[in-house]
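Here are my notes on this entry, as numbered points. Please read them with the structure open.

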Amino acid sequence: MSTFLKGMSILVIATFLGEVVEFLVNMILARELGESGMGHYMTILPTISLFMLLANFELPVSISKMIAEHDESYHRSMMQHALRLAVVFTSVLLVLAAIVLPIIPVFHDYHPLLKWVVLSLIPVMTITAVARGFFLGKQEMARIAVSHFLRRAVQLALLTALFQYFEFNSETALLVAFCTLAGSEFVVFLYLLHHFIMSYQKIRRVPGKTVSGREVRKNLVEVSVPTTGLRIFHSLTHAVQPFLIKFAIVSAGLTPEMATEQFGMMAGIAMTIGFFPAFIAQSFLIILIPTVSKAYGEKEFVKLQKLLQQVMLLTLFYGLPAVTAFYFLAEPLTMTFFHSEQAAVFLQLLAPYFLFHYFTIPMQAYLIGLGLVKDAFLHSVYATILTFTLIYLLGTRPGLGMEGVIIGMNTGSMVILLLHYLTICKKIGITWPTRNIVRDSRF
């Protein structure tokens with residue numbers, strides 16, 4: 001538990017600093033791109049994130065799990081096979097992306113070089129994922145923490161320099177924004193690769209044991225494929241959601257330009273503020289997966305129950321005050337940082353969505369660590385169907401519009417949290433309504 005808390009503390013501090021920098025990044029983007037440009041940026045971002053996710057292949061999760069569960073003498077052989085798998089995977093994905101990207105309609109409305117920026121990210125993301133998984137498994141959270149902060153800091157520096165010394169038209173400004181994102185990922189790639197090579201040289205000097213490539217690939221695929229499937233589903237729904245939201249509020253009576261601006265205020269301003277405290281939840285996500293996986297593999301169910309209670313209490317401790325502040329200080333926050341008064345209404349309405357989200361992130365990590373990726377996927381499907389249905393039914397009503405959309409989002413986030421939490425309680429032996437603890441012997 002002390003290792004968990006120490007790693008958690010390092011990640012929380014570094015991720016907090018990274019979130020502060022990302023907040024500044026979004027302020028610059030909102031100022032330089034304008035409300036319409038920010039709407040276009042937030043519209044294409046989920047699609048680009050989907051390709052970055054595919055390149056990642058959830059290797060940080062699967063590799064960290066494998067490294068954490070095996071003795072150091074096996075690490076050299078494991079990483080050799082993992083690297084070979086990563087090279088093959090990124091080569092295949094590059095070819096497929098080169099074929100698919102030019103025919104995706106959404107890219108036709110953006111600068112033609114944007115497709116090449118996305119292609120350049122694929123090998124960078126894959127190799128970075130291998131190094132990140134290695135350091136997570138070794139519990140070297142300082143490397144992970146620095147990489148998180150470095151990504152945001154480099155993007156901020158690039159954005160500040162480019163927009164201060166150069167003038168761009170709206171189309172080029174969007175391309176520049178995504179180029180700074182790619183540049184920050186490349187710097188993180190160099191940083192983690194450097195330290196990975198140094199660490200690999202050390203483990204080469206340790207007498208090693210051989211693991212078959214087939215066994216390593218099997219272990220990695222068994223974790224990466226279902227987890228990637230879950231993340232792909234989330235990315236696909238996030239890629240579709242902007243278009244559904246804009247369609248709904250246009251049907252409610254807004255012009256397409258007004259719909260884009262309202263979506264930009266909700267996604268680029270209200271959500272930027274509301275998701276700021278989620279850096280703590282993201283820290284939980286990073287460290288909980290290997291911790292829960294190891295505890296579950298050793299049948300330490302009492303430890304899992306106590307850990308769940310601690311996670312829930314810590315989330316409530318920071319989440320409730322945060323959303324209360326967002327609700328009562330919405331207008332000062334949106335005006336001070338983004339000079340947008342209308343976004344304050346969206347921030348207030350989304351307060352339940354943010355609170356449920358803070359709880360859902362560590363709950364999802366718990367499910368993955370318990371081997372319940374299928375359950376997490378089904379929960380996401382049920383919640384997304386409900387959310388999209390409500391967005392369409394309520395968002396298209398002339399009297400509601402964006403308010404109806406937010407009602408649908410709040411409802412869906414509550415449903416997925418309840419499904420996650422009840423499933424975890426059942427798996428680790430917490431029964432309702434008495435909450436009797438089921439001892440290890442029952443498993």
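1. Helix α7 covers residues 213-251, 39 residues in all. At 1.5 Å a residue it should span 57 Å, and its end C-alpha atoms lie 55 Å apart, so the two figures agree. Keep in mind that this is a predicted model.

2. Where does α7 bend? The bend is at Q241 and amounts to about 30 degrees. A proline, P242, follows within four residues.

3. What comes after α7? The helix is followed by G253. The phi of G253 is positive, near 125 degrees.

4. Look next at α7 against helix α15, residues 402-428. Their axes come within 9 Å and cross at roughly 140 degrees. Angles over 145 degrees would count as roughly antiparallel; α7 and α15 are therefore oblique to each other. Their crossing is right-handed.

5. Which residues make this contact? From α7 they are Q241, I245 and I249. From α15 they are M402, V405 and M409.

6. A separate point concerns T180, in helix α6, residues 170-204. Is T180 buried or exposed? Its relative accessibility is 1%. Buried means under 20%, so T180 counts as buried.

7. What does T180 touch, leaving aside its neighbours within four places in sequence? T180 is in contact with Q155, L158, L159 and L162.

Methods:
Residues are numbered from 1 along each chain as its sequence is written. This is a predicted model: local features need pLDDT of at least 70, side-chain atom pairs count only at pLDDT 80 or more; totals for chains, interfaces and linings use all residues. Side-chain values use heavy atoms; hydrogens and water are left out. Helices (H or I, at least four residues) and strands (E, at least two) are DSSP runs, numbered from the N terminus. Buried means under 20% relative accessible area, exposed over 50%, partly exposed in between (1.4 Å probe, protein chains only). Contact means heavy atoms within 4.5 Å. The expected span of a helix is 1.5 Å times one less than its number of residues. The bend at a residue is the angle between axes fitted to the seven residues ending there and the seven starting there. Axes are lines fitted to C-alpha atoms, for helices over the stretch in contact, and angles run from 0 to 180 degrees between N-to-C directions. Angles under 35 degrees count as roughly parallel, over 145 as roughly antiparallel, 65 to 115 as roughly perpendicular and the rest as oblique. A crossing is left-handed if the near helix is turned anticlockwise from the far one by less than a right angle, and right-handed if clockwise.
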